Amino acid sequence: SAQEMKHMENISSLLQGQQQRPDPAAGREAAAAPGEQPWEMIMDKKHFKLWRRPIEGTHLYQYRVFGSYTDVTPRQFFNVQLDTEYRKKWDSLVIKLDVIERDLATGSEVIHWVTHFPYPMYSRDYVYVRRYRVDKENNLMVLVSRAVEHPSVPEDPEYVRVRTYESQMVIRPHKTFDENGFDYLLTYSDNPQTVFPRYCVSWMVSSGMPDFLEKLHTAALKAKKLELEVRDYLGTKPPESGSGTGTEGKAPAAPEGPRGPAQLEYA
């Protein structure tokens, strides 16, 4: 994830250095690392660019967003993204969002997320493991997630279970974790298991992702302005075991009991 971020930063510098608007084909080829399948740019806005590419052997796409914010700190954006309790307040699509299990050794958390889908589709539910890492030496923050099975969350006939889901978010501060300004790279794919044609699913994702990021940005600004108590994940990270940033490894340990406010640190 960190290497992909470096690649996108190099591309961004090249595109910004051009006097005239780059050819879309050049943007597609540039977004792919050497030897990779090229990306198709489908949105080019002031604060972000959105690409997609087909996932081989499926009718699905993988998506990539590269963007910047200058009015909020990386720490605030990172914390708001991770704080499940706060998200229930700012994301109106959330039906349920709970931490099922935590592993103190690695910092991994298993999340159960139930979300509204556009009418007339059923609501979807996700069970996924997430792990984050703050690399102060290289000035990076990384959050990775992928779908998993968990015995505590059997399928509910009221929802459609999404079994294929992966997400990687990388944040690079322009200066420090506590000064306004950062770039981010979000790479995302899932299989929502709809009967709708590929272009319909693509439209829902490509329109929904920028909308989610803007809501996330607004929530971070609100937390900053109102000095809301958002959990500081940079300050409560357990010791790292190993150097990987992936979600692979041993199964989570026995569930940790709910934490009261006195046990958490806030930013």
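Predicted model: local features only at pLDDT ≥ 70, side-chain atom pairs only at ≥ 80, totals over all residues.
Start with charge. Side chains of opposite charge can pair when their charged atoms come close. Across the whole structure, a search finds 14 salt bridges. R172 lies in strand β9, residues 165–173, and E9 lies in helix α1, residues 2–16, so the pair ties together parts that are 163 residues apart in sequence. Where does this pair sit, buried or exposed? Both R172 and E9 are buried.

Another salt bridge joins the side chains of R75 and D178, at 2.5 Å from N to O. This pair also links distant parts of the chain. R75 belongs to helix α3, residues 74–82. D178 sits in the loop between β9 and β10. The two residues are 103 apart.

K88 and E85 meet through their side chains in a salt bridge, 3.1 Å from N to O. Both lie in helix α4, residues 84–90. They are 3 residues apart, about one turn of the helix. K88 is partly exposed, with a relative accessible area of 33%. E85 counts as partly exposed too, at 48% relative accessibility. Salt bridges with shared partners join E85, K88 and D98 into one network.

Next come the strands. Strand β2, residues 48–54, runs antiparallel to β3, and 7 bridges join them. Within this pairing, P54 stands opposite Y61 of β3. The hairpin of β2 and β3 has 6 residues between the strands. There, G57 takes a positive phi near 80 degrees.

Strand β3 pairs with β10 as well. That pairing is antiparallel and covers 7 bridges. R64 has T187 in β10 as its bridge partner. How enclosed is β3 by the rest of the structure? Of its 9 residues, spanning 61–69, 8 are buried, so the strand is largely enclosed by the rest of the structure.

Finally, look at D44. This residue is found in strand β1, residues 40–44. D44 counts as partly exposed, at 30% relative accessibility. Its C-alpha atom is separated from that of F66 by 9.9 Å. Along the chain, D44 and F66 are 22 residues apart.

Terms used:
Residues numbered from 1 in each chain as written. Heavy atoms only, no water. Salt bridge = Lys/Arg side-chain N within 4 Å of Asp/Glu carboxyl O. Helix = DSSP H or I, 4+ residues; strand = E, 2+ residues; numbered from the N terminus. Buried < 20%, exposed > 50% of the residue type's maximum accessible area, 1.4 Å probe, protein only. Pairing = 2+ DSSP bridges.
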